[in-house]
Amino acid sequence: MNETRHVVGIVDDDPRLLESVGDLLESAGYLARAFPSASSLLGSGLADLDVLITDIGMPAMNGFELRDLVKKSRPELPVFLITGRHEIADQGRAQGISGFFRKPFDAQALLAAIADALNKSRNGG
């Protein structure tokens, strides 16, 4: 497989989640880039990302605010939101995202959703 590995950015203020999701993505053949905050992601730039996974409940800038900023500069970038707080999962605020996952989420469902989003963006859909 000579294809370039897809880069998945993960933003979460929980270092254990960054590590576990990073390990999951790497084991599935993706290149994972972990960020402890929205500002650290924005500081490094979005240009090389193929997918973004972000926690909703973070200090300073939450996942919805990060999604809004990302969509202004990279409207085609698939964004997945994750949260441990079930009350945040209202559908009105979930517009403009590729997927929504509640912690603890199913690893295979997340990988399938990422693959699906990459296929859609590759095929212009």
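**Exercise 1. The fold**

Which pattern does the protein follow, read along the sequence?

*Solution.* Start with the ground rules. Residues are numbered from 1 along each chain as its sequence is written. The model is predicted: local features need pLDDT of at least 70, side-chain atom pairs count only at pLDDT 80 or more, totals for chains, interfaces and linings use all residues, and side-chain values use heavy atoms, with hydrogens and water left out.

Step 1. Take the elements. The protein has four helices and five strands. Helices (H or I, at least four residues) and strands (E, at least two) are DSSP runs, numbered from the N terminus.

Step 2. Read them along the sequence. The pattern is β-α-β-α-β-α-β-β-α.

Step 3. The protein has 125 residues, and 42% of them count as buried. Buried means under 20% relative accessible area, exposed over 50%, partly exposed in between (1.4 Å probe, protein chains only). The protein exposes about 6,600 Å², and carbon and sulfur atoms supply 52% of that area. Accessible areas come from the Shrake-Rupley method with a 1.4 Å probe; for residues, only the protein chains shown count as cover.

Step 4. Look at contacts (heavy atoms within 4.5 Å). Among those between residues at least 6 apart in sequence, 62% join residues at least 24 apart.

**Exercise 2. The sheet**

Work out the strand order and find the edge strands.

*Solution.* Step 1. Five strands form an open sheet in the order S2-S1-S3-S4-S5, with parallel pairing. Strands S2 (31-35) and S5 (99-102) are the edges, each pairing on one side only. Neighbouring strands are turned by 20° against each other on average, direction ignored.

Step 1. Count bridges. Two strands pair if DSSP finds at least two bridges between them. S1 (residues 7-11) and S2 run parallel, joined by five bridges. Ile10 has Ala34 in S2 as its bridge partner. From S1 the chain crosses through helix H1 (residues 15-27) to S2, in a right-handed β-α-β crossover. Right-handed means that, with the strands pointing away from the viewer, the path from the first strand over the helix to the second runs clockwise.

Step 2. Move to S3. Four bridges join S1 to S3, again in parallel. Gly9 stands opposite Leu52 in S3, and Val11 has Thr54 as its bridge partner there.

Step 3. Check the cover of S1. Five of its five residues are buried. Val7, Gly9 and Val11 point one way, and Val8 and Ile10 the other.

**Exercise 3. Helix H4**

*Solution.* Step 1. Begin with the sheet. S3 (residues 51-55) and S4 (residues 79-83) pair in the parallel sense over four bridges. Asp55 stands opposite Ile82 in S4.

Step 1. Axes are lines fitted to C-alpha atoms, for helices over the stretch in contact, and angles run from 0 to 180 degrees between N-to-C directions.

Step 2. Pick a residue of H4. Ala117 is in this helix, and is buried, with a relative accessible area of 11%. Leaving aside neighbours within four places in sequence, Ala117 contacts Pro78 and Phe80. Ala117 and Ser98 are 19 residues apart in sequence and 7.1 Å apart in space, C-alpha to C-alpha.
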